[in-house]
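Subject: Structure handover

Hello,

The structure is pasted below for your files. My notes on it follow.

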Amino acid sequence: MTKYVESSLRTGLHHLLAAAVLLPLFAIMPSSARASDLTAAEQCDREAGSEFDLERNRAFPAVATQNIRIGVALSACREAYNQNGGARTQFQLARVLDKAGQKLQSARILAEAAANGHALAMASYAHLLAERGMAGKSSGDLLTVRRFAQATAERLQ
């Protein structure tokens, strides 16, 4: 009887040990499978969603500018943009391009996002124009800055 109890305890301990080793592996598998199921736009959201963007996809945590992984984010956001991504995708691509040092391309896409009504893009583009001394050089630029600033204020209320 003693041998039977010892054998049962040993078997139970083996099962417990196997569960302790395998359970964390099973916990990891669904999340990595889920990551590969994301669309390009969702991957862009995950890699480049700004903490200041009230329109960002809240399914993913915000990414500080210094924490953007340029290679991954640029690939995902470009793909999403090429798939006719909306204003949020345009803003996020502009953000990644700026971080990557591609300032002219970033400004062009930021202008697209602003023109398409993305609130933070509007404010950022107006700031960019003012920073470059371009705001107010012509009445069109001044009106653009005012329009973006007003629309941003209305969206944030």
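Does Gln90 count as buried or exposed, and why? Gln90 counts as buried because its relative accessibility is 7%; buried means under 20% relative accessible area, exposed over 50% and partly exposed in between, with a 1.4 Å probe and protein chains only.

Some conventions before the rest. This is a predicted model, in which local features need pLDDT of at least 70 and side-chain atom pairs count only at pLDDT 80 or more, while totals for chains, interfaces and linings use all residues. Residues are numbered from 1 along each chain as its sequence is written, and side-chain values use heavy atoms, with hydrogens and water left out.

Overall, the chain has seven helices and zero strands (DSSP runs numbered from the N terminus: helices are H or I with at least four residues, strands E with at least two). Of its 157 residues, 32% are buried. Among contacts (heavy atoms within 4.5 Å) with a separation of 6 or more, 51% are between residues 24 or more positions apart. The chain exposes about 9900 Å², with carbon and sulfur atoms supplying 59% of it; areas come from the Shrake-Rupley method with a 1.4 Å probe, and for residues only the protein chains shown count as cover.

Back to Gln90, which lies in helix α4. Leaving out residues up to four places away in sequence, Gln90 touches Tyr81, Gly85, Ile109, Glu112, Ala113 and Asn116. Its side chain also reaches the backbone nitrogen of Ala113 at 3.5 Å.

Helix α4 has a part elsewhere too. In α2 (residues 40–48), the residues Ala40, Cys44, Asp45, Glu47 and Ala48 are buried, and their cover includes α3 (70–82) and α4.

The largest pocket has a volume of about 390 Å³. A pocket here is an open set of points on a 1 Å grid over the protein atoms alone, where a 1.4 Å probe fits and protein lies on both sides within 12 Å along at least five of seven lines; lining residues have an atom within 4 Å of a point. Grid points are joined across faces, edges and corners, and the volume is the space filled by probe spheres set on them. There are 19 lining residues, with Phe91, Arg95, Asp98, Leu110 and Ser124 nearest the centre. Helices α4 (87–99), α5 (103–115) and α6 (119–131) each supply at least two of the lining residues, and α6 gives the most, with five.

Regards

Technical notes:
A polar contact is a pair of N or O atoms within 3.5 Å; within protein, one must be able to donate a hydrogen and the other to accept it, and residues adjacent in sequence count only if both atoms are side-chain atoms.
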